[in-house]
Amino acid sequence: MICLLGLVVFLFAFSSSRNGQRTISKPQVKFIGENNLFITNEAVSKLLIQNYKGVKNVPKETLVLNELENALKSNPMIKTAEVYVAVNGTLNAEIEQKKPIARVSTNASYYIDDEGSYMPLSNNYSARVPLVTGYVEKNNLKNVYKVAHKIRNDDFLKKNVIEIHQSANKKIYLKLRQCNFIVQLGNVDFLDKKINNLKAFYQKNQKDKTLNNYSKVNLQFENQVVCSKLN
């Protein structure tokens, strides 16, 4: 019995030693969620290798996985990252990208992601999201994000809104696909009510085929829609 126990301990120690000494192979990268890649497999692998100075030939026991995960998450394209080493020595990284919901196009160009944060443009893929124009500050995206988030989660708005414009005094305007008029939201208070008013106006005038008779649809007054007709 003692001999058998000794043999088990020896085999476990031997296995652990072999496993610890096994070197890390080329990183394997898996993207979770959407198929459109804003950052490539090659770019993630390069980040891993740069942050572990040749991770390909590093013994497994010296890897600090949290540091590698933090290095990946420091990339502004990446939302979450999980790094682990398989039994065969393969270094694996599971990546969730940020999701853009609007694209700022002012003196600077970048995305706003689904959490209201900055996200750089990608050379690999361009997202089809509403443009944001006007007076927009990277460190003050709150109002624009609230409108963009509403658009993202509303089928009518997602289909029809092509541009969000913010004026110097923080008033919000919308441009709709194939419509001549500008939608004046004003501030972002009572946003749901304003959007419901817009939908009612749109549906009635679409039915009457009079959508293109207007230059402006003003929604900033509570419980009313004030329209300006084309001259």
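Colleague: What percentage of the 231 residues in the protein is buried?

Modeller: Buried residues make up 39%, with buried meaning under 20% relative accessible area by a 1.4 Å probe, protein chains only. Keep in mind this is a predicted model, where local features need pLDDT of at least 70, side-chain atom pairs count only at pLDDT 80 or more, and totals for chains, interfaces and linings use all residues. Residues are numbered from 1 along each chain as its sequence is written, and side-chain values use heavy atoms, leaving out hydrogens and water.

Colleague: OK, how many residues does the largest nonpolar core have?

Modeller: That core has 33 residues. By nonpolar core I mean buried Ala, Val, Leu, Ile, Met, Phe, Trp, Tyr and Cys residues joined through side-chain atoms within 4.5 Å. Val147 and Phe181 are among those with the most contacts inside it. Helix H6 (residues 191-208) gives the largest share, 5 residues; helices are DSSP runs of H or I, at least four residues, and strands are E runs of at least two.

Colleague: And which residues does Val147 touch?

Modeller: Leaving aside residues up to four places away in sequence, Val147 touches Ile164, Ile172, Leu174, Leu185, Val188 and Leu191. Contact here is heavy atoms within 4.5 Å. There's also a second, separate core of 20 residues, including Leu47 and Val129.

Colleague: Switching topic: how do strands E2 and E3 pair?

Modeller: E2 (residues 78-85) and E3 (residues 91-97) are antiparallel, over 7 bridges; pairing takes at least two DSSP bridges. Ala81 has Ile95 in E3 as its bridge partner.

Colleague: What's between the strands of that hairpin?

Modeller: 5 residues, and Gly89 takes a positive phi near 95 degrees.

How values were computed
Buried means under 20% relative accessible area, exposed over 50%, partly exposed in between (1.4 Å probe, protein chains only).
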